[in-house]
Amino acid sequence: MQNGLLISRLRTEKGLSQKDMAIFLKVTLATYKLYETNLRPMKIDELNKLSDYFNISLNTLLNLSNNLNKTNYIEIDYKYLKFSLRYVRKIHRITQKQLAKEFNISIPTIARYEKNPQTVNVIYLHNFAKKFNVSIDYICGKTLKKEVL
């Protein structure tokens, strides 16, 4: 799940209101407030916008890293993400059925994520990165540096 406290801190450091961020992300103010309080997970595209805007990694925004170093990240490469989700699972010899059981989601959901990564749930992506000890930025193609968590 996203790090709402960090997002709030970064927002205030830039002198932005919650309403400014809601407009930037094209969500309602109520939805944005839920993001900062970690009561609602953000969509991958929204996290990507924040990653680019604040110039920090998805790993940091999703509490998988404490690295606040400013780095130039590129946009999510959905073709690469599509490849990565399947490839990482397969090299670990994990079936969709096994992963679905472990993550308590359906097999068709995992199949959908692997075929259409724009729909991937951020909680799934977070759990996937933790399980396989791989950087979200790397599996999303935002960096070419293969990082391990």
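**Ring pairs, core and a helix contact**

User: How many aromatic pairs does the count come to?

Analyst: The model is predicted, with residues numbered from 1 along each chain as its sequence is written, and local features need pLDDT of at least 70, side-chain atom pairs pLDDT 80 or more, while totals for chains, interfaces and linings use all residues. Side-chain values use heavy atoms, without hydrogens and water. Rings of Phe, Tyr and Trp (its six-membered ring) pair if their centres lie within 6.5 Å; planes under 30 degrees apart count as stacked, over 60 as edge-to-face and the rest as tilted. By this rule the count is 10.

User: Which kind of aromatic pair do Phe24 and Tyr53 form: stacked, edge-to-face or tilted?

Analyst: Their centres are 5.1 Å apart, with 50 degrees between the planes. Phe24 is in helix H2 (residues 18–25) and Tyr53 in helix H4 (residues 44–54), so the pair ties together parts 29 residues apart in sequence. Helices here are DSSP runs (H or I, at least four residues), numbered from the N terminus. The pair is tilted.

User: Which residues have the most contacts inside the largest nonpolar core?

Analyst: A nonpolar core is a set of buried Ala, Val, Leu, Ile, Met, Phe, Trp, Tyr and Cys residues joined through side-chain atoms within 4.5 Å. The largest has 42 residues, and its largest share, six residues, comes from helix H9 (residues 122–132). Those with the most contacts inside it are Tyr124, Leu125 and Phe128.

User: Which residues of H8 make the contact with H6?

Analyst: The axes of H6 (residues 78–91) and H8 (residues 107–115) come within 7 Å and cross at roughly 130 degrees; axes are lines fitted to C-alpha atoms, for helices over the stretch in contact, and angles run from 0 to 180 degrees between N-to-C directions. Contact means heavy atoms within 4.5 Å. From H6 come Lys82, Leu85, Arg86 and Arg89. From H8 come Tyr113, Glu114 and Lys115.

Conventions:
Helices (H or I, at least four residues) and strands (E, at least two) are DSSP runs, numbered from the N terminus. Buried means under 20% relative accessible area, exposed over 50%, partly exposed in between (1.4 Å probe, protein chains only).
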